[in-house]
There are 4 protein chains.
Amino acid sequence: MNSLGELFRITSFGESHGVALGVVIDGCPAGIPLCVEDLLPEIARRRPGQSEVTTARKESDTPVILSGVFEGKTTGMPIAVTVHNEGQRSGDYEALRNTPRPGHADETYAAKYVHRDHRGGGRSSGRETLARVIAGVVARKILPADVQILGHAQQVGHLVAKTFEESEIERNAMRCADAQVGQEMVEFVRGLKDEGDSVGGRIEVVVRNMPPHLGEPVFDKLKARLAHAFLSVGAVTGFSYGAGFESASMRGQDYVANPANFGGILGGISSGRDLRLMASIKPTTSIGEVAKKGRHDPCIVPRVIPVLEAMVAISLADAWLIARSRAT
Amino acid sequence: MNSLGELFRITSFGESHGVALGVVIDGCPAGIPLCVEDLLPEIARRRPGQSEVTTARKESDTPVILSGVFEGKTTGMPIAVTVHNEGQRSGDYEALRNTPRPGHADETYAAKYVHRDHRGGGRSSGRETLARVIAGVVARKILPADVQILGHAQQVGHLVAKTFEESEIERNAMRCADAQVGQEMVEFVRGLKDEGDSVGGRIEVVVRNMPPHLGEPVFDKLKARLAHAFLSVGAVTGFSYGAGFESASMRGQDYVANPANFGGILGGISSGRDLRLMASIKPTTSIGEVAKKGRHDPCIVPRVIPVLEAMVAISLADAWLIARSRAT
Amino acid sequence: MNSLGELFRITSFGESHGVALGVVIDGCPAGIPLCVEDLLPEIARRRPGQSEVTTARKESDTPVILSGVFEGKTTGMPIAVTVHNEGQRSGDYEALRNTPRPGHADETYAAKYVHRDHRGGGRSSGRETLARVIAGVVARKILPADVQILGHAQQVGHLVAKTFEESEIERNAMRCADAQVGQEMVEFVRGLKDEGDSVGGRIEVVVRNMPPHLGEPVFDKLKARLAHAFLSVGAVTGFSYGAGFESASMRGQDYVANPANFGGILGGISSGRDLRLMASIKPTTSIGEVAKKGRHDPCIVPRVIPVLEAMVAISLADAWLIARSRAT
Amino acid sequence: MNSLGELFRITSFGESHGVALGVVIDGCPAGIPLCVEDLLPEIARRRPGQSEVTTARKESDTPVILSGVFEGKTTGMPIAVTVHNEGQRSGDYEALRNTPRPGHADETYAAKYVHRDHRGGGRSSGRETLARVIAGVVARKILPADVQILGHAQQVGHLVAKTFEESEIERNAMRCADAQVGQEMVEFVRGLKDEGDSVGGRIEVVVRNMPPHLGEPVFDKLKARLAHAFLSVGAVTGFSYGAGFESASMRGQDYVANPANFGGILGGISSGRDLRLMASIKPTTSIGEVAKKGRHDPCIVPRVIPVLEAMVAISLADAWLIARSRAT
């Protein structure tokens, strides 16, 4: 359904072209400083129209905190945040009412729910991820202050980052840690836009200063919870941790030799070493004439990065509270 | 924790060398024929010692149904099944009491729980998957009879299946649908055993005659639930569906052109087309002198196949019941 | 936490004097007609200031549906409804910041959360029940149309209804089905107001045309879920069904002789006969000079009635969806 | 379903005349001493046939711990305990196969599940409470050592305890804290047995040295969770806390004057004062010739007492772990 988490539980609501999107964040401890300004940077990071490689749609996305915060601090009560939708041009989407787009949720939503809000993808729109980014900000505040959650574009189409320079990530429109490859990605994607085509990619999320002891046997292994969180994002087609799919061709001697292959998780529980997570992202399926009109992203990778960072924060905050409850 | 699912919910318990392993299967409708004999084939498929490529440890694994079945049919009450452990040679493992093995859960379990059952991996042992295989048999009985869940070894180390012949799968010890590559895999793994080494692999699970409408927005997308289920298996390092990680390098035009790339899921909801799921499996981390003694699998892939099939069945049975509840 | 239910799940948020109260209603099937006007009658029924026996505080309580409804019908997506708070006179409550009122949540909230919104009870205010009344309207639409959920004041202080005339319930300010006793109750409560005192009472909720098969063994017996729902309302101090506390002094022969004693539930599952539920309501703890100022209810009973009806509807809607999922 | 609790979660299984009953206790922290001997006293307390006022059926009830305990201490893994059923005389119950008993679960189970285990009530038998008593022992070990959970018979039929002498409780067969009334109760019930009749009663459970801060807003108020737990016991027809149903006739001035009226819970959160909980118990519905044969309890009250104590312990253990997770 539309909730995720046990002790730190988020409930998301809202359609792309409805009145408002929002999220209820339940289980946040009391006494944590929180204000609207805290939310803005992450909202800005996932906003479309930041550059030529993402959609030009304007979203001012002003969040309002409706509850759970008093005199600048959380109260332990549910924190509801809404963002009103502006400038819905429903007319643009009228053609989609009875014509599901190939590769979109349109088809299965129409089949399952029959009556649906078709405008701009309705509930299945990527706009829903705004709720996650907001919740991610709160989640981060629950974790120890030195925990660092860092996503970056490792691959876009045939282009793969070769170097890692953290400071470069926010300097190029693709959020690639390799300045040169990042520039190539940007140019590549710009060309696709002219062609009305799109492309997929690969995102790595690293967590530094990772707390140990997070994750529970056997069905709530940390890797299982993270995989769930990642695949709950529409654009994600795959998840792995540590050596991931490369482990398929590895020998045990080699796998064991490099602790990085374990990705910071052993037996489903965090070891305290850096988490290394990977997601594959599909090409956006809005292509052809629709895409040329300019309201769609030819490559969603840079905008998914803050969303995946948020999903990691949300998952870790929940695991953190659960681990605390039974700590010796 | 040790439960999975909402309406079809399994609770697993037991350690590798404890008194017994077991599972409580809650939410199974009444009136479904079920007996111990139904469980035996799948238990046999995951059993070690089936061939030279898996561990030689003898496990007779006789299940006992304690509840929930009366006069050969389910009653709608929780079905508890236990399998007593036999021939625990705890002495073999005494050395591990204070020496966690690299790459094993030993390390994180010792750190998190302090007091643990170290024998044979205790709770983190692959033996726990017996509970899942048993639950999978029940799950399958809830799904429409023509739903077919089929796993096979697509890769072992550097060897990748090139053809797909369903009837070959159970004919070779690796469960490879390519008879010739399957034979090569068997020989390769036999060689590794002599070296005291191990190897990873890749498993594909296909679901045919897949019911549409399964999966819920937005956090319980079918792909998210399946990713959770897959990654809850110790040996799994990655999950993907449809084009998966290949989608990272695909263009939208190509991605959309082939519906198989969607893997049977659109917007997180099953479309009715075949599900195509993939898991990467790490090499077993019991290597060197320990491995040569012969009680460990140099390649866990063939034994994980029935476990992943079971996890798919369990996930689909839960999604099936949920979808029924609100069907129009 | 702030969510209730499995398949029909509501999440409530908001403080008495915060920006807004609201509720997210998840799991409602698609295609059900729903508009703001549907919500107004129940909101009006729980509103204070309806008569001299309830608080004179003005609450216009205009709900806004933010999501989950399109072109007048539900879409199967989460339905978020907010009600903005108006005319918060926080100054009135400044005295309470550091002075918990006896018998109020002030004390435990201050101890547990330390940082809290003290204004008007904050989250623990009865105003939160607005969320439940709204969700109750939606819940009712899921149940078969002929299901009738009917609450009435059976007792207020020493006054106990002797007759039952359904049409009288909404005709007197206490919602008593006995016209004469209802009038006595109104006069009694008016007198208490002058004294700055308050009084408790007893509410019965009857469900007619009750569907059979609702409720699950063993921890989710229908009576257990209903007790949970009732006691989640701040003013409720007790719950019973059927013969309830009178069963304590009954003999088996007498108990069995009258099926009404079973209250419509056998073995935790609804039998199809009328549900008979009872709640005891404590006197409001705002008394003395505070009460005389006129912003508090001397008797909360009539306003709790629509809240308990809503809690019954919410519980039954969830049980209904769950029962459907496994129905043969 | 058959699980209860969030962080301390129990899953119960088994039928009265099936192979075995059992419980899986998940979420117990590691390192707590636990052995079979710890379970025996509480099992003995709920056992039938302890005296002439309870059923003469012999139940040896030997528990076996299958998992989660190693070298005498818990490991943090799920603790599974089974009790095999002995001497099932199914033949005795053959008459009930197609004849549901009035006032029993037989009727609703047969209607809902169609195929059921009719023997001795099957899953709806009071024998299921064995699982709860076992889980209660573990729950108590999680709570601070000085927490004291004390149940006693406050009423049986027309007989009501007038004094409270803790040491008397286990000295009379009814578990009444008033020695003289307890003796009258025993004689009264003995007479009913001869008549083939039965009687209800009222049980109070007091918790001393109660930890503060337990319970969560708004749907998981401690009183709501306790009401849920109490009403999940088949014999319970009502729940109240503090002044309970007496609050219906109280004035605010009087209610507030005596803190005992609050029952140790304010705003749904424990205040640290003693918990005062009450349950009404229905007369057993096995009456007439069936009852005279002597295998049924004419008054279930004394046997329900350890079950309700266990339900309190289970509820508090869960609330305790949850409260710890977010404690400042």
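Predicted model: local features only at pLDDT ≥ 70, side-chain atom pairs only at ≥ 80, totals over all residues.
Which residues does Gly31(D) touch, not counting residues up to four places away in sequence?

Let's start with chain A as a whole. Its secondary structure comes to eight helices and 15 strands. The radius of gyration of chain A is 20 Å, close to the 20 Å that the globule rule gives for 328 residues, so the chain is as compact as a globular protein of that length.

Of the 328 residues in chain A, 68% are buried. Take the contacts in chain A between residues at least 6 apart in sequence: 70% of them join residues at least 24 apart. The accessible surface of chain A comes to about 10,200 Å², and carbon and sulfur atoms account for 52% of that area. As for charge, chain A carries 38 positive and 38 negative side chains, with the centres of the two sets lying 3 Å apart.

Now let's move to chain B and zoom in on one strand, β3(B), which covers residues 20-26. Seven of its seven residues are buried. Ala20(B), Gly22(B), Val24(B) and Asp26(B) point one way from the strand, while Leu21(B), Val23(B) and Ile25(B) point the other way.

Which strands pair with β3(B)? One is β2(B), residues 9-13, which pairs with β3(B) in the antiparallel sense over five bridges. Within this pairing, Ile10(B) has Ile25(B) as its bridge partner. The hairpin of β2(B) and β3(B) has six residues between the strands, and there Gly14(B) takes a positive phi near 115°. Another partner is β8(B), residues 79-84, again antiparallel, over six bridges. Here Gly22(B) stands opposite Thr82(B).

Finally, back to the glycine of the opening. Gly31(D) has its place in strand β4 of chain D, which runs over residues 30-33. Leaving aside residues up to four places away in sequence, Gly31(D) touches Lys73(D) and Thr74(D) in chain D, along with His115(B) from chain B. The C-alpha atom of Gly31(D) is also separated by 9.3 Å from that of Phe70(D), a residue 39 places apart along the chain.

Technical notes:
Residues numbered from 1 in each chain as written. Chains lettered and ligands numbered in written order. Heavy atoms only, no water. Helix = DSSP H or I, 4+ residues; strand = E, 2+ residues; numbered from the N terminus. Rg over C-alpha atoms; globule rule 2.2 N^0.38 Å. Buried < 20%, exposed > 50% of the residue type's maximum accessible area, 1.4 Å probe, protein only. Contact = heavy atoms within 4.5 Å. Areas by Shrake-Rupley, 256 points an atom, 1.4 Å probe, with all protein chains shown as cover. Lys, Arg positive; Asp, Glu negative; His and termini not counted. Charge placed at Lys NZ, Arg CZ, Asp CG, Glu CD. Pairing = 2+ DSSP bridges.
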